[in-house]
2 protein chains.
Amino acid sequence: MTSGDDWLQALARERGDIDRSSTAERVADKLRATVLDGVVKPGSQLNEKALGEVLRVSRNTLREAFRLLTHERLLVHEYSRGVFVRKPDWRDIVDLYAARRVVEGGAVRCWPAAGEKARAAVREAVALGRAGAAQGDWLVVGTANVKFHQALTGLAGSSRLDEEARRLLAEVRLAFHVMGDPERFHKDYLPLNVEILGHLERDAVRDAEESLADYFDRAEKHLVAGLREQ
Amino acid sequence: MTSGDDWLQALARERGDIDRSSTAERVADKLRATVLDGVVKPGSQLNEKALGEVLRVSRNTLREAFRLLTHERLLVHEYSRGVFVRKPDWRDIVDLYAARRVVEGGAVRCWPAAGEKARAAVREAVALGRAGAAQGDWLVVGTANVKFHQALTGLAGSSRLDEEARRLLAEVRLAFHVMGDPERFHKDYLPLNVEILGHLERDAVRDAEESLADYFDRAEKHLVAGLREQ
DNA sequence: GCATATTTGTCCGTATGTATA
DNA sequence: CTATACATACGGACAAATATG
């Protein structure tokens, strides 16, 4: 039964791959989604004991997950007080958008050299956004917008840059939740995304950069204004 | 002896302050320096128990430090096997330099808008490199080169981008250690740094970008060639 | 201001699973 | 196959800090 053994070994290896993500990481994934979906509001405390009981993990494991998310700037740790969902302020937005301008702006310039797969991702994100808008589903429009900017970063072809973009976008998303009404907001930027893609399809990289810079200016202004009211 | 008790409590609190924020981070700092200085070679394993005993910290604390450095890609965690010093290969270099091109290239374009402090950091890094070269101290030249590229990133004025640059540069430094002879190597690039600064001082941002791109091409080629031999 | 309850910080022992000799 | 070494995750114990009445 050597062929059967091979099959079992393949399964075992696959299972091992899945299990390789530790419990703490899986817990962190769950918490990250909860935070980014705005289920727990920025500023609220996460109770160790209660959360541990709900998620059926030990305190140590939960604390490990907390540390992971703290390093992603989604949680903050106050000594002997506990962990809280982070509450970015307008200064964070300024810093964040300075980074996004460099990262995404630089990645867009790689369009001519980018592979077809990376370009397709940009097109798909725009298509998804248009489909969502057509159905009035602003949640889809919101996620499509995030996908669009991740796809722009993907043009550079660097997994490290992709990860950084993921971090930056997650933090921006958190900032949306500090203001109210986070989803409907994205609809206004869909035409700009369409415009950027249009420029790129004509290899007009410089025009695309300009439109993107315009997007950043508007989005940053919007967020800073919203957060300064708090 | 109430006054004595107060004094003890104050000391205890101060000790707590130091210990709380940095036990794991100080351990991580020590380990990071050890790894980046090439004292422990890429590929070697870090034993939890032995290291914990040497550094006099608990396993939990050490694991936290490991986690920090794993996040910085200086260590790798293999499931149920342990922690090892990472060994970047030529594919990592390609990915790494794609990211650096975007990050540093984008940041350089911020020179006209950058503050005087950020510009001064670039000048100082070049000056330090020249001084080191004049004395034949290639270790100083090496650290000056790292400082130069961090300073370029600093032109964007984003702490998040600075952090990312720090991570990328640390990883590059790790790659040097996979090849031999990591320090002397930097000397060849000093003239290029001087040239870039020269362009910037004349606000010739485009020329600076080109020289920087040239630097990336050469450095990437050097590293890829060196690592493919392994 | 004080005493109490709750929560967190830290460390330790143990059971289980995995890889290596 | 056994033995070992190690890592993972859990739960408990106790100290320290904070919050509450």
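1. The contact between the two chains of this predicted model draws 21 residues from chain A and 22 residues from chain B. On the side of chain A that touches chain B, the elements giving two or more residues are H4, helix H5 (90-108) and helix H8 (159-178) of chain A. H5(A) supplies the largest share of that side, with 9 residues.

2. One helix pair spanning the two chains deserves attention. The axes of H8(A) and helix H4 (residues 90-108) of chain B come within 7 Å, crossing at roughly 55°. The two helices, H8(A) and H4(B), are therefore oblique to each other. H8(A) contributes Ser159(A), Arg160(A) and Leu161(A) to the contact, while H4(B) contributes Asp95(B), Leu96(B), Ala98(B), Ala99(B) and Val102(B). The residues of this contact divide into 5 nonpolar, 1 polar and 2 charged.

3. Within chain A, H5(A) also packs with helix H10 (residues 205-228): their axes come within 10 Å and cross at roughly 170°. As angles over 145 degrees count as roughly antiparallel, H5(A) is so described relative to H10(A). From H5(A), the residues that meet H10(A) include Trp90(A), Ile93(A), Tyr97(A), Arg101(A) and Val108(A). Among their counterparts in H10(A) are Val205(A), Leu212(A), Phe216(A), Leu223(A) and Arg228(A). The contact of H5(A) with H10(A) comprises 13 nonpolar, 1 polar and 6 charged residues.

4. Chain A has an open sheet of 3 strands in the order E1-E3-E2, with antiparallel pairing. Strand E1 (45-46) and strand E2 (75-78) of chain A stand at the edges with a single partner strand each, so one side of each lacks a neighbour in the sheet. E2(A) pairs with strand E3 (residues 82-85) of chain A over 4 bridges, in the antiparallel sense. In this pairing, His77(A) stands opposite Val83(A), and Glu78(A) stands opposite Gly82(A).

5. E2(A) and E3(A) form a hairpin, with 3 residues between the strands. Ser80(A), in the turn, has a positive phi of about 60°. Helix H4 (residues 59-71) of chain A lies across E2 and E3 of chain A and runs at about 115° to E2(A).

6. Which residues have the most contacts inside the largest nonpolar core? That core has 104 residues, and those with the most contacts inside it are Val103(A), Ala107(A), Ala65(B), Val103(B) and Ala107(B). Ala65(B) is in contact with Ala24(B), Val27(B), Ala28(B) and Leu31(B), leaving aside its neighbours within four places in sequence.

7. Leu74(B) lies in the loop between helix H3 (59-71) and strand E2 (75-78) of chain B. Is Leu74(B) buried or exposed? A residue counts as buried if 20 or more other C-beta atoms lie within 10 Å of its own; Leu74(B) has 23 and is therefore buried. Not counting residues up to four places away in sequence, Leu74(B) touches Arg32(B), Val35(B), Leu69(B), Arg86(B), Ala170(B) and Leu174(B).

Technical notes: Residues are numbered from 1 along each chain as its sequence is written. Chains are lettered from A and ligands numbered from 1 in the order in which they are written. This is a predicted model: local features need pLDDT of at least 70, side-chain atom pairs count only at pLDDT 80 or more; totals for chains, interfaces and linings use all residues. Two strands pair if DSSP finds at least two bridges between them. Two residues are in contact if their C-beta atoms, placed from the backbone, lie within 7 Å. Axes are lines fitted to C-alpha atoms, for helices over the stretch in contact, and angles run from 0 to 180 degrees between N-to-C directions. A nonpolar core is a set of buried Ala, Val, Leu, Ile, Met, Phe, Trp, Tyr and Cys residues joined through C-beta atoms within 7 Å. A residue is buried if 20 or more other C-beta atoms lie within 10 Å of its own, exposed if 12 or fewer, and partly exposed in between; C-beta atoms are placed from the backbone. Angles under 35 degrees count as roughly parallel, over 145 as roughly antiparallel, 65 to 115 as roughly perpendicular and the rest as oblique. Ala, Val, Leu, Ile, Met, Phe, Trp, Tyr, Cys and Pro count as nonpolar, Asp, Glu, Lys and Arg as charged, and the others, Gly among them, as polar.
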